[in-house]
Amino acid sequence: MNIELIRAAAKRLDGHVRHTPILTSPFLDEIAGRRVYIKPECLQHTGSFKFRGGWSAVSALTDNALKTGVIAFSSGNHAQGVALAAREHGAPAVIVMPSDAPAMKIDNTRALGAEVVLYDRATESREEIGEALSAERGLTLVRPYDEPQVIAGQGTCGLEIAEDMNALGVTQADVAVCCGGGGLTSGIALALAADAPGLRARPVEPEGFDDVARSLASGKIERNAHLAGSLCDAIMTPQPGDLTFPIMQAHCGPGVVVTDNECLRAVGLAYERLKIVVEPGGAAALAATLFHPDAFEGDAVIAVATGGNVDPAVFSKALETLS
């Protein structure tokens, strides 16, 4: 895995992916006690950064592989990214999703033309189901984070951050990234190391699912005790990836852990102050910058708002935190 793969993915994504902007708010700056810059990947196609990795992986397939089709496992954002990329390339798609995923994510994935296979994330292994279906039907498995072309696609977000922050004159800052298995975090970290070495990726995870933070602290891959139980469904993964962890070890600062309530507050503030819709897992990085200011150094911090596919009931609960 290297910067050349990311640059090649950027060429394939050109004209298909949105270059999302950098947003700011003096109100958020006041809460954080420093300048806060937000990269709203919730405005990306399918509502999350996952479209980058989905398009990167699908666009790299051979014609024969596209004809046979692809399979992915996801709680919803990777699902939608792969489903749309597959549809745009004329390829069949099968998506393995947890039965407790937000209904919006399941419905959207089906609406994009994918076949959805549901499973119980507390008792079944999505990896085993995905690999079995892949072998049975000859489908190409597109893993959500531990896959070079997916990491490369997510890394294009880091190229944009490096470019835009350089234009703003910000050359030294932490970049808070909502982190599950580490595909986005490792991709951004590689891109920043190459194009903006003064910017440092910082993985942010929900309480109880802080496997990356613990792994970085211990120096070896740590596994979460539970596989369910957080509002941050988008970033609940069993453990860091075998490919992503060494990259994060080499290029990331320490992990930051946030609570579900902090993420809900960040969802509400993102709507109130930035006029964007973010899901709890996609707001974890913003929550860290706002409510854990001591975790960061310097007078500026960048937060990636990774996804906006939130159920109305959860969004309503987040808005209640503003009152």
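Modeller: Arg-202 counts as buried because its relative accessibility is 4%, under the 20% cut-off, and Asp-174 is buried too, with a relative accessible area of 4%. In this predicted model, Arg-202 forms a salt bridge with Asp-174, in which the closest N and O atoms are 2.8 Å apart. That pair links distant parts of the chain, since Arg-202 belongs to strand S7 (residues 199-206) and Asp-174 to strand S6 (residues 173-178), 28 residues apart.

A search of the whole structure finds 17 salt bridges, and another of them joins Glu-115 to Arg-137, with 2.9 Å between the closest N and O atoms. Glu-115 lies in strand S4 (residues 115-119) and Arg-137 in helix H7 (residues 126-137), so this pair ties together parts that are 22 residues apart in sequence. Here Glu-115 counts as partly exposed, at 35% relative accessibility, and Arg-137 is likewise partly exposed, with a relative accessible area of 36%. Arg-273 and Glu-272 also form a salt bridge, their closest N and O atoms being 3.7 Å apart; Arg-273 is partly exposed at 33% relative accessibility, and Glu-272 is partly exposed at 30%.

Thr-156 lies in helix H8 (residues 148-167) and counts as buried at 5% relative accessibility, while a polar atom of its side chain lies 2.6 Å from the backbone oxygen of Gly-153.

Helix H1 (residues 3-13) has Ile-3, Ile-6, Ala-9 and Leu-13 as its buried residues. Seen down the axis of H1, these buried residues fall within an arc of 115°, so they line one face of the helix. They pack against helix H3 (50-59), H8 and helix H9 (183-195), whereas Glu-4 and Lys-11, on the other side of H1, are exposed. At the N-terminal end, Asn-2 caps H1 through a side-chain oxygen that lies 3.1 Å from the backbone nitrogen of Glu-4, and H1 is followed by Gly-15, whose phi is positive, near 90°.

Terms used:
Residues numbered from 1 in each chain as written. Predicted model: local features only at pLDDT ≥ 70, side-chain atom pairs only at ≥ 80, totals over all residues. Heavy atoms only, no water. Helix = DSSP H or I, 4+ residues; strand = E, 2+ residues; numbered from the N terminus. Buried < 20%, exposed > 50% of the residue type's maximum accessible area, 1.4 Å probe, protein only. Polar contact = N/O pair within 3.5 Å; in protein donor to acceptor, adjacent residues only side chain to side chain. Arc of directions from axis to C-beta. Contact = heavy atoms within 4.5 Å. Salt bridge = Lys/Arg side-chain N within 4 Å of Asp/Glu carboxyl O.
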